[in-house]
Amino acid sequence: MSHPTIESILQENRLFHPPADFVAKARINSLEAYNALYERAKADPAAFWGELAQQELEWFQPWDQVLDWQPPNAKWFVNGKINITYNCLDRHLKTWRKNKAALIWEGEPGDSRTLTYAQLHREVCQFANVLKQLGVKKGDRVGIYMPMIPEAAIAMLACARLGAPHSVVFGGFSAEALRDRLIDAQAKLVVTADGGWRKDAIVPLKDQVDKALAHQAVPSVENVLVVQRTQQPVTMVPGRDHWWHDLQKGASADCPAEPMDSEDLLFILYTSGSTGKPKGVVHTTAGYNLYTHITTQWVFDLQDTDVYWCTADVGWITGHSYIVYGPLSNGATTLMYEGAPRASNPGCFWDVIEKYGVTIFYTAPTAIRAFIKMGEHLPRARNLSSLRLLGTVGEPINPEAWMWYYRVIGGERCPIVDTWWQTETGGHMITSLPGAIPMKPGSATKPLPGILADVVDLEGNPVGLNEGGYLVIRHPWPGMMRTVYGDPDRFRRTYWEHIPPRDGQYFYFAGDGARKDEDGYFWVMGRVDDVINVSGHRLGTMEIESALVSHPAVAEAAVVGKPDEIKGEEIVAFVILEGSATPSDALQQELKQHVVNEIGALARPAEIRFTDALPKTRSGKIMRRLLRSLAAGQEVSGDTSTLEDRSVLDKLRQGA
Ligand code: PRX
């Protein structure tokens, strides 16, 4: 991992106060109220979280101890018994929410479906029985590789109801990436669909599953359940593959929620790190339930009349926490949309907002930059007056994109919550509370109550005001990841040892650079490790390098990010060919496609540059900092004294 000097060039001083009529109805409605909550949580975290857990969730059995912290292992709500689907479904059936819309779904071709809490509960119970029938038991892992259709959420909830941890793999990942994740999780069953709609084309999900499972590559998988979505022909392997609708039809709707231990595994979600192998981030039941529940309530200022829409895919943590679990636990109406803005319908998001009267809209800075490019006339042509709150997630937002979002989409009446968090944190960590914290465009503002965030140097000393440093969290929180699936050592190394603990103080190392300003606002500057953020998606440079090196023509590869107006960063690969291979445009194309086949379209390099050497230190480490400057077309600055062979740099410059 590299530790570049962290410098911030952003100077943004505009301050926006939450609009008065928003404040008037807000749950947390002043800076004082936020400060009081923050101080209370800080003074006695166990009492704070214990009280919320009691107040906000229903338990089958109370816990003995709020937190058992044996760094880096945290147990929350020790010996409590709970089921997240009871909190997301059953408890609402006892209230007027029984017939409230739980899930509103809009398909890309324009089909739609609404499920009330009672209907969603029924579908989940039936599908849980289907899983049982196929031998899935508490503790068995289930792979989910789905388009954005209600069945994706139903499958997740059905797993959680039985206590079978799910591992959702984003539908844009390739068969190879899917296979690696199914193997790592030792999945017993896979839920998929014939295909899904993506920008007017069909993504052939079932074909990819067939490829992933070919030649018994994942022996643990016994059954595959297939939702019929696009109706294109697929091969059904007798004995292994089953149509969802065939089995769902006859299944009983009686399936009580399994009492789970607070710390039982709820799901595994793979994410990229600075080494080649994706990490299986483990989240457990009670802490995750509480944390996603309370952050949804606080940060989105959730009210019973809201129609809440998060545009993420359920394949990412944002979809897990803020399409499915957080909103449903609160009894909210959550909207799920299969489509994406596309040439044939660039204004589709605004149509969805108008059609359903969406009140809360949560999306990514990369999407906002794309909207800006598509033009103001598209949102202007729709009635967006139902919106009352906007949110962003995934990467730092450029202040100008923030201003556009505030002005054009929010009509200057909607606060924006810029939410900093990670797959590992389970839920929001640093973000404004929309009725309480004045906003500064580009800053995620302040940590939530209970989150002791700080910016420190590598020894753990707080850095000065407006000085760059490493973003850390000083105390465990209920939504935190518990381990890396099957690799506790990697968990400790990656998150708890970069900054050595001292005096019993452990630092959760987020992998982001940040600074804190004179008002205590955090400005996140991006990753400090070898992770690239392309359109808000995390990709490890090592993963892409391994994919390139697996091609017979490639001897060595180094991958870096290069700034991009829409995507934030795009991928540039420096490639050394095997002796017999010759550089050509055709080979560049072939290598790009090879990465797509190995990882998925989201990892396609924008550029491949052939070279015959890479800049390395005397100990053989690739100096990515230099490659980053070259890729961005900048002069290579800073210290190059550790470079082993200085002529490499000149050659690379000439080749550029
Ligand atoms: O670098 C930060 C960036 O996204 C990383 C986490 O990525 P992932 O686990 O895929 O989760 C994305 C959705 C939570 C962080 O380490 N990031 C996320 N949100 C923000 C952000 N950077 C700045 N501001 C944000 N609001």
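So, a polar contact here is a pair of N or O atoms within 3.5 Å. Keep that in mind, and keep in mind too that this is a predicted model.

Let's start at the ligand. One of its oxygen atoms sits 2.9 Å from an N or O atom in the side chain of Gln-422. Another pair to look for is an oxygen atom of the ligand and an N or O atom in the side chain of Arg-538, 2.8 Å apart. And then there's a ligand nitrogen, 3.0 Å from a polar backbone atom of Gly-394. How much of the ligand does the protein bury? On its own the ligand exposes 540 Å², and 95% of that gets buried by the protein.

Who's around it? Helix H11, strand E20 and strand E25 are the elements that each give two or more residues to the shell. There are 17 residues around the ligand, and the ones that come nearest are Asp-418, Thr-419, Thr-423, Asp-512 and Arg-538. By type, the shell splits into 6 nonpolar, 6 polar and 5 charged.

Okay, over to the annotation. An unreviewed UniProt entry puts "binding site" at Arg-198, Lys-199, Asp-200, Ala-201, Thr-318 and Ser-535. Those positions span 338 residues of sequence, and in space their C-alpha atoms are up to 24.3 Å apart.

Two of them are worth a click. Arg-198 is in strand E9, and it's partly exposed, at 43% relative accessible area. Asp-200 lies in the loop between E9 and strand E10, and is partly exposed as well, at 45%. Leaving out close sequence neighbours, up to four places away, Arg-198 touches Glu-108, Val-203 and Ala-340, while Asp-200 touches Glu-108, Arg-342 and Ser-344.

Terms used: Residues numbered from 1 in each chain as written. Predicted model: local features only at pLDDT ≥ 70, side-chain atom pairs only at ≥ 80, totals over all residues. Heavy atoms only, no water. UniProt positions renumbered as here; feature names shortened; annotations may be inferred. Helix = DSSP H or I, 4+ residues; strand = E, 2+ residues; numbered from the N terminus. Buried < 20%, exposed > 50% of the residue type's maximum accessible area, 1.4 Å probe, protein only. Contact = heavy atoms within 4.5 Å. Near = heavy atom within 4 Å. Polar contact = N/O pair within 3.5 Å; in protein donor to acceptor, adjacent residues only side chain to side chain. Areas by Shrake-Rupley, 256 points an atom, 1.4 Å probe, with all protein chains shown as cover. Nonpolar A, V, L, I, M, F, W, Y, C, P; charged D, E, K, R; others polar.
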